[in-house]
Amino acid sequence: MARHNEGYAAYLLGDIPRSLAGMARAQELEADVFKGPARLDRAQVLLEAGLVKEAVEALHAGLTELAGDGHDQMRAEFELALARAHRLLGHLDLATGAAVSARATYGRIGATAWAAKARLVELLVDLDRQRRTRRVQEEPDAVHMRVLVEMIDACGVERGRPPLDAMDLIAEAEQIFGE
């Protein structure tokens, strides 16, 4: 795991090539440890590097290795990352399926903040789908308001705590709506 952690540290420092090389070397080592988190980290770095197809392959491989192991939280994290990757590729049905599955798992294990993140991906995919088909039944402003309200709910107040970060929410809305 130390080699993997060195690769992850390189990612945090912005050195993607060194990060991926370090993680690849770590995967080659035989170790009697659970490799789920390392595989998820590598997929996230691939996504950050813009290597979306490679990330999807890594995420599918990681999910295959988790089959039947009872790692519900880890499986849902893989599915959430997979939903984001499929969205980037424009595979909206696959993105929706992965996000819905992740949200259901998070809900079942009581991870409400993570379930909200999965719901947010679902909403973003729905918005992408509406933009693609250009058959929006409502006025554009009404659609934007509905999505924004659901984003706030998904990020929202939990047990009296403030939303995650209002500025992040505003930036996300501006990126989505281009305003």
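A helix here is a DSSP run of H or I at least four residues long, with numbering from the N terminus. Keep that in mind as you click around, and remember that you're looking at a predicted model.

Start by selecting Asp128, which sits in helix α7. Colour by accessibility and check the value: at 19% relative accessibility, Asp128 counts as buried, because the cut-off is under 20%. Now show what surrounds this side chain. Skipping neighbours within four places in sequence, Asp128 is in contact with Arg87 and Leu92.

How far apart are its end C-alpha atoms?

Now hop over to a helix pair. Select α3 (residues 36-48) and α5 (residues 72-89), and draw their axes: they come within 11 Å and cross at roughly 15°. That angle is under 35 degrees, so the two helices are roughly parallel to each other. The crossing of α3 and α5 is left-handed.

From α3, pick Gly36, Pro37, Arg39, Leu40, Gln44 and Leu47; across from them in α5 are Met74, Glu77, Phe78, Ala81, Ala85 and Leu88. Colour this contact by residue type and you get 8 nonpolar, 2 polar and 2 charged.

How values were computed:
Residues are numbered from 1 along each chain as its sequence is written. This is a predicted model: local features need pLDDT of at least 70, side-chain atom pairs count only at pLDDT 80 or more; totals for chains, interfaces and linings use all residues. Side-chain values use heavy atoms; hydrogens and water are left out. Axes are lines fitted to C-alpha atoms, for helices over the stretch in contact, and angles run from 0 to 180 degrees between N-to-C directions. Angles under 35 degrees count as roughly parallel, over 145 as roughly antiparallel, 65 to 115 as roughly perpendicular and the rest as oblique. A crossing is left-handed if the near helix is turned anticlockwise from the far one by less than a right angle, and right-handed if clockwise. Contact means heavy atoms within 4.5 Å. Ala, Val, Leu, Ile, Met, Phe, Trp, Tyr, Cys and Pro count as nonpolar, Asp, Glu, Lys and Arg as charged, and the others, Gly among them, as polar. Buried means under 20% relative accessible area, exposed over 50%, partly exposed in between (1.4 Å probe, protein chains only).
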